[in-house]
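These are my notebook entries on one structure. I list what I looked up, entry by entry.

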Amino acid sequence: MSRCSWAIHSPLEEKYHDTEWGKPTHNERELYEFLLLESMQAGLSWYTILVKRQAFSDAFDQFDYQKIATYGEEKVAELLGNAGIVRNRLKIRAAISNAQAFMEVQKEFGSFDAYIWNFVENTPITNPWQTIEQVPAKTPLAEIISKDLKKRGFKFVGPTIVYSYMQAIGMVNDHLVTCAFK
């Protein structure tokens, strides 16, 4: 069975590739989960984040953004002491402020899903990439979304992170044309 070449190094990557990557999600908790995970990935490999995913879930109340939005200094200190996650103070604080901004977007648009999917008119972009080298790290649309998220108070949402987020939640399907999971 043919897979995208980035996902052939471990069973964890294979499972993520085969069952989640590029598949549209509209679930609010999952949308926040991927926002948190992608922001934690900045400067790291996605494999590192996948290995730590369960620890992130445990540490961040199963990605319950309503709880995360209320985290105070005691919880930040606890997270900084958790060896199972990425212990970067700025990224941890971003997870909290992003949860707060996430809920502000929900108030304005009715859901984060309605907000984020509107950028693609609720229809995933399917790209015809032949090779992994053709897949961009960012796109003009990711730059637009990044600017809008930043304007709304989100952190660690540069265009490269946003494009990875778009792939993770299925707004963009970048499986290669030869991939059996396209």
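**Entry 1: lysine 52**

I started with lysine 52, which sits in helix H3 (residues 46–59). Helices (H or I, at least four residues) and strands (E, at least two) are DSSP runs numbered from the N terminus. The model is predicted, so I note that local features need pLDDT of at least 70 and side-chain atom pairs count only at pLDDT 80 or more, while totals for chains, interfaces and linings use all residues. Residues are numbered from 1 along each chain as its sequence is written, and side-chain values use heavy atoms, with hydrogens and water left out.

I then looked up its contacts (heavy atoms within 4.5 Å). Leaving aside neighbours within four places in sequence, lysine 52 touches Ala83, Gly84, Ile85 and Val86. Valine 86 is 34 residues away in sequence, yet the C-alpha atoms of the pair are 8.2 Å apart.

**Entry 2: H2 and H6**

Next I looked up helix H2 (residues 28–41) and helix H6 (residues 89–109), whose axes come within 10 Å and cross at roughly 150 degrees. Axes are lines fitted to C-alpha atoms, for helices over the stretch in contact, and angles run from 0 to 180 degrees between N-to-C directions. On the H2 side, the contact includes Leu31, Tyr32 and Leu35, and on the H6 side it includes Ile92, Ala95 and Phe102. By class, I recorded nine nonpolar, four polar and two charged residues in this contact. Ala, Val, Leu, Ile, Met, Phe, Trp, Tyr, Cys and Pro count as nonpolar, Asp, Glu, Lys and Arg as charged, and the others, Gly among them, as polar.

**Entry 3: H9**

How many of the residues of H9 are buried? I found eight of 10 buried, so H9 is mostly covered. Among the buried ones are Ile161, Tyr163 and Met166. The buried residues of H9 pack against H1, H2, helix H7 (112–118), helix H8 (140–151) and strand E2 (172–173). After H9 comes glycine 170, with a positive phi near 85 degrees.

Notes. Buried < 20%, exposed > 50% of the residue type's maximum accessible area, 1.4 Å probe, protein only.
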